[in-house]
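Keep the structure open and follow along.

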Amino acid sequence: MKTLGKTSGGNSAFRNFNNQFAHVTDPNERRRLALAEIDKAPFGWYHIRAVVVAGIGFFTDAYDIFAINMVTVMLGIVYFPRGAITEHADTAIKVATSCGTVAGQLGFGWLADVIGRKKIYGLELMVIIFTTMAQALSSNSASISITGILVFWRVIMGIGIGGDYPLSSIITSEFATTKWRGAMMGAVFAMQGVGQLAAALVAFICTVAFKKQLQTAQTFATCDDHCKQAVDRIWRIVIGFGAVPACVALYYRLTIPETPRYTFDVARDVEKAAADSEAFLNNQAAGDVDEIRQIEARANAGALTVPEASWADFWKHYSQWRFFKILLGTAGSWLLLDVAFYGLGLNNSIILNTIGYSTNPKVYQQLRNNAVGNLILICAGAIPGYWVTVFTVDTIGRKPIQLMGFALLTALFFGIGFGFHKLSSNGLLALYVLCQFFFNFGPNATTFIVPGECFPTRYRSTSHGISAASGKIGAILAQTLIGPLRTRGAAPGSGASPWLNNVMKIFAGFMAAGTLITFLIPETKRKTLEQLVYELYGEGEAQQEAKIAAASRAPEPEPETLKA
């Protein structure tokens with residue numbers, strides 16, 4: 001085959017990697033060299049751009065998921081008798097998002113492996129923007145209740161949120177430099193904490209803004225028309241604000257280039273992948289290729305050592321225990337984590353009220369204390385936990401952080417469960433804050449990071465989607481089966497949670513199981529994605545890298561041998 005031609009462009013700041021490797025005709029070698037440039041690239045603005053674009057999506061996801069925690073209290077005041085939302089309506093609205101998220105994670109995860117990351121990245125944000133605005137404009141009618149219409153829109157919104165999980169994880173992973181890949185993925189996921197903070201902050205600001213109208217009501221049941229009108233406006237503003245950051249991020253998601261790893265390994269377009277590698281490092285949307293050279297390269301793509309994706313290959317791959325156990329480890333640990341994480345996170349307001357923090361019959365005081373309590377939990381526990389993970393995950397490692405987190409959460413939940421009626425409200429609040437910290441400096445972050453690294457490129461998104469969907473199944477179990485246990489023994493309509501201490505003990509059991517299943521996942525820190533695929537699955541171009549490394553370590557032949 002003739003030598004490949006060169007393209008224009010490149011300077012001392014941004015080298016033309018396409019030209020640098022244009023003379024290489026072996027597609028495997030060219031793939032290895034191009035991906036090595038991404039893996040070894042110094043941390044720069046192109047990495048920050050990838051993190052910000054993916055992170056804003058997670059900000060929106062978390063805002064939309066956790067804002068409902070405060071909104072359901074307001075819905076009770078406006079639309080339900082005696083100002084209290086029913087248990088079934090509260091559960092249905094909260095679970096709806098998780099149900100849609102499962103479908104989105106599986107569907108978008110599979111599509112990203114079939115048609116490409118770039119082609120569907122941004123579509124999930126469009127779904128979120130549309131459904132968020134639809135919720136903010138929803139209301140009761142003679143034919144449908146506010147619960148029914150919100151459940152409908154939140155299921156569809158969940159599909160968009162679900163799509164963001166595998167897409168943002170693998171796009172960040174496949175563009176990241178090896179040295180700081182964990183920190184980059186952790187920073188994307190840390191925006192979940194910022195989204196939770198924003199939801200509580202917007203609720204607090206709106207509550208204070210309508211203070212005059214809210215102060216007239218001594219209890220939820222006595223909230224008059226002016227009071228209800230104010231609360232009705234507050235929940236619509238809180239929900240609707242979630243669409244704002246999504247609109248900002250949409251353009252950048254639509255213009256991000258396809259990941260070179262997908263183009264190499266799945267699309268098997270060596271020329272396009274090499275050009276896209278250069279485009280990413282130059283902050284461009286896509287690389288330009290010569291069509292004749294692209295056709296020539298595609299004709300030689302059969303020489304790539306990376307297996308082609310197919311359903312037969314997928315089932316064959318995961319029918320082997322040594323491969324399936326990795327998926328079982330990532331999916332199982334995420335499921336066990338989310339039982340407790342969402343069991344608490346979507347019920348912060350209820351738990352704050354139960355431990356005595358936000359108990360106040362006056363509408364303004366309770367709504368204000370509810371928002372402030374959520375701000376305290378997020379600022380004191382969740383956000384520090386996320387960022388400690390970001391700064392340590394590439395040094396301590398993913399697996400040790402996850403093991404430590406699950407073990408400490410087991411102890412904390414047992415402490416809350418057995419000490420619930422003995423500790424003061426401040427003591428319980430402190431333990432609850434520690435739970436939030438070790439969720440995020442622990443399995444909540446690592447269960448997102450590891451699936452984006454440890455699977456082969458052709459099934460990376462699908463496998464991440466399966467793992468994430470397992471987590472949301474855990475969230476559904478927590479909300480529908482375990483969560484309602486907290487009201488066991490309570491008088492109907494009282495809103496009391498006499499069994500909450502026992503629910504905490506159940507969560508401790510799930511955390512203990514998470515500690516055990518963590519042993520199935522591999523450690524991925526400071527290894528290239530190709531190196532991981534070779535070590536875990538024995539395939540890919542890393543075989544060639546291993547041979548080169550072995551040859552470089554081999555002793556030089558003796559002079560007599562050379563003469564002979």
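Arg 82 is exposed, because its relative accessible area is 66% and the cut-off for exposed is over 50%. The residue sits in the loop between H3 and H4. Its backbone deserves a look in this predicted model. Arg 82 is not a glycine, yet its phi is positive, at about 60°.

Ala 84 belongs to that loop as well, which runs between helix H3 (45–79) and helix H4 (87–114). Now find Ala 221. It is 137 residues from Ala 84 in sequence. In space, the two C-alpha atoms are 7.9 Å apart.

Is Thr 60 buried or exposed? It is buried, with a relative accessible area of 0%. Leaving out residues up to four places away in sequence, Thr 60 touches Ile 128, Gly 242, Pro 245 and Ala 246.

Val 71 is another residue placed in helix H3. Val 71 is buried too, at a relative accessible area of 1%. Its contacts beyond four places in sequence are with Trp 235, Val 238 and Ile 239. Val 231 gives a further reference point: its C-alpha atom is separated from that of Val 71 by 9.5 Å. Along the chain, Val 71 and Val 231 are 160 residues apart.

Where is Arg 526 placed? It lies in the loop between helix H23 (500–517) and H24. With 37% relative accessibility, Arg 526 counts as partly exposed.

Move on into helix H24, which covers residues 529–537. Glu 530 is found in this helix. Glu 530 counts as buried, because its relative accessibility is 6% and buried means under 20%. What does its side chain meet? A polar contact of 2.9 Å joins the side chains of Glu 530 and Arg 261.

Pro 307 is a loop residue, between helix H14 (291–299) and helix H15 (311–318). It counts as partly exposed, at 25% relative accessibility. Look across to Arg 458, which is 151 residues away along the chain. The C-alpha atoms of Pro 307 and Arg 458 are separated by 8.4 Å.

Start with helix H18 (residues 363–392). H18 and H20 pack at an angle of about 25°, and their axes are 7 Å apart. The two helices are therefore roughly parallel to each other, because angles under 35 degrees count as such. Their crossing is right-handed. On the H18 side, the contact is made by Leu 377, Ala 380, Gly 381, Ala 382, Pro 384, Gly 385, Tyr 386, Val 388 and Thr 389. H20 supplies Leu 429, Tyr 432, Val 433, Gln 436, Phe 437 and Asn 440.

Helix H19 (residues 398–419) also packs on H20. Here the angle is about 160°, with axes 9 Å apart. How do H19 and H20 run, roughly parallel or roughly antiparallel? They are roughly antiparallel, because the angle falls over 145 degrees. The crossing of H19 and H20 is left-handed. H19 brings Met 404, Gly 405, Leu 408, Leu 409, Leu 412, Phe 413, Gly 415, Ile 416 and Gly 419 to this contact. They meet Leu 428, Leu 431, Tyr 432, Leu 434, Cys 435, Phe 438 and Phe 439 in H20. Tyr 432 is named in the contact with H18 and again in the contact with H19.

Finally, zoom out to the whole protein. Its secondary structure comes to 26 helices and 0 strands. Buried residues make up 59% of the 564 residues. Among contacts with a separation of 6 or more, 80% are between residues 24 or more positions apart. The accessible surface comes to about 21700 Å², and carbon and sulfur atoms account for 65% of it.

Note on methods:
Residues are numbered from 1 along each chain as its sequence is written. This is a predicted model: local features need pLDDT of at least 70, side-chain atom pairs count only at pLDDT 80 or more; totals for chains, interfaces and linings use all residues. Side-chain values use heavy atoms; hydrogens and water are left out. Helices (H or I, at least four residues) and strands (E, at least two) are DSSP runs, numbered from the N terminus. Buried means under 20% relative accessible area, exposed over 50%, partly exposed in between (1.4 Å probe, protein chains only). Contact means heavy atoms within 4.5 Å. Accessible areas come from the Shrake-Rupley method with a 1.4 Å probe; for residues, only the protein chains shown count as cover. A polar contact is a pair of N or O atoms within 3.5 Å; within protein, one must be able to donate a hydrogen and the other to accept it, and residues adjacent in sequence count only if both atoms are side-chain atoms. Axes are lines fitted to C-alpha atoms, for helices over the stretch in contact, and angles run from 0 to 180 degrees between N-to-C directions. Angles under 35 degrees count as roughly parallel, over 145 as roughly antiparallel, 65 to 115 as roughly perpendicular and the rest as oblique. A crossing is left-handed if the near helix is turned anticlockwise from the far one by less than a right angle, and right-handed if clockwise.
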